[in-house]
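Here is a short note for a colleague who has not looked at this model before. Please read the points with the structure open.

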Amino acid sequence: MNEAEGSEAAPVKNSTKVERTSERELVVTRIVNGPARIVFQAWATPELFKRWWVPKSSGMSLLSCEMDVRTEGKYRLEFGHPSSERTMAFFGRYLEVIPPTRIVWTNEEGDDDGAVTTVTFEEKDGQTLLVLRDLYPSKAALDEAIASGSTSGFVEQFEQLDDLLLALDTGV
Amino acid sequence: MVQYIQPHLDASFAALSDPTRRGVLEQLGRADASITDLADRFHMTLTGMKKHVGVLEQAGFVITEKIGRVRTCKLGLRRLEEEAAWIERYRRVWEARFDALDEIVEELKSREKIDERSRG
């Protein structure tokens, strides 16, 4: 944390929780130490978004990032990894965008079984409670995502990377 | 994870409270079987066996698969573990993202402070 410029000590990281709340829904919750408008800004501004959506630890890079963050706008993200020439594209549409409290988007890269993701930002005492819901069209769709190791285009890249590394390891 | 596993535990205990269902699990531990096979073996009607299998399936102990006209049952014990492991991986992806998001948020906050000061 040597880049911390403020006078405060490095803050303890808030925990990220995940719960399967129903047969077809997963919910991720996280407190962010900042007001909702700033969290929203970091989410809805492509230049900022691409700096956190693909954490360095993943080894992935975001090759392109087109986001038209408004209701009925579209997005398209393309990822790459140094060990592969293949790129992976993730895309969909924003069904609803209400700054700075709510973004809803579709995940259309798979087939008809993609989840609809809703993220809400709820500010309290200068902090923001971030709640992200992945709602699958059916129990079968979520079970299938789990069985195949992918989830609405989020874990997929890491999964595929794992597979790739495993394949390289075993020389398959 | 605790909130996630709890309802599964309740369902698990309920499923295992019945001797027929425990017998079915024991049987499936030896070999996969159709609902008809199981009904015969436990001297039950097809409907009765379907109900028991349904409870076991709901609790994740059994998975069933319909091939043609036959529904085959097999042990599904690994299912819960697989799902829990998958959810943990999913959680880690979000954790890594949100930890990175924190840095951007800190940066934007301090930028705002500087702007406020310069507007002073």
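**Notes on the predicted model**

1. Strand 2 of chain B runs antiparallel to strand 3 (residues 70-75) of chain B, and 6 bridges join the two. One residue pair to look for is B:Val62, whose bridge partner in strand 3 of chain B is B:Leu75. Please keep in mind that this is a predicted model.

2. As background, the strands of a sheet pair through backbone hydrogen bonds, in either a parallel or an antiparallel way.

3. Chain B as a whole holds 5 helices and 3 strands. Along the sequence of chain B the pattern reads α-α-β-α-α-β-β-α. Chain B has 120 residues, of which 19% count as buried. Among the contacts in chain B with a separation of 6 or more, 46% are between residues 24 or more positions apart.

4. Chain A contains 4 helices and 8 strands. Their pattern along the sequence of chain A is β-β-α-α-β-β-β-β-β-β-α-α. Of the 172 residues in chain A, 29% count as buried. Residues 24 or more positions apart make up 38% of the chain A contacts with a separation of 6 or more.

5. One loop residue in chain A can be followed in detail. A:Glu108 sits in the loop between strand 6 (102-106) and strand 7 (116-124) of chain A. Why does A:Glu108 count as partly exposed? A:Glu108 has 17 C-beta neighbours inside 10 Å, and a residue would need 20 or more to be buried and 12 or fewer to be exposed.

6. Which residues does A:Glu108 contact, leaving aside its neighbours within four places in sequence? They are A:Phe91, A:Gly92 and A:Gly114. A:Phe91 is 17 residues from A:Glu108 in sequence, while their C-alpha atoms are 5.8 Å apart in space.

Key. Residues are numbered from 1 along each chain as its sequence is written. Chains are lettered from A and ligands numbered from 1 in the order in which they are written. This is a predicted model: local features need pLDDT of at least 70, side-chain atom pairs count only at pLDDT 80 or more; totals for chains, interfaces and linings use all residues. Two residues are in contact if their C-beta atoms, placed from the backbone, lie within 7 Å. Two strands pair if DSSP finds at least two bridges between them.
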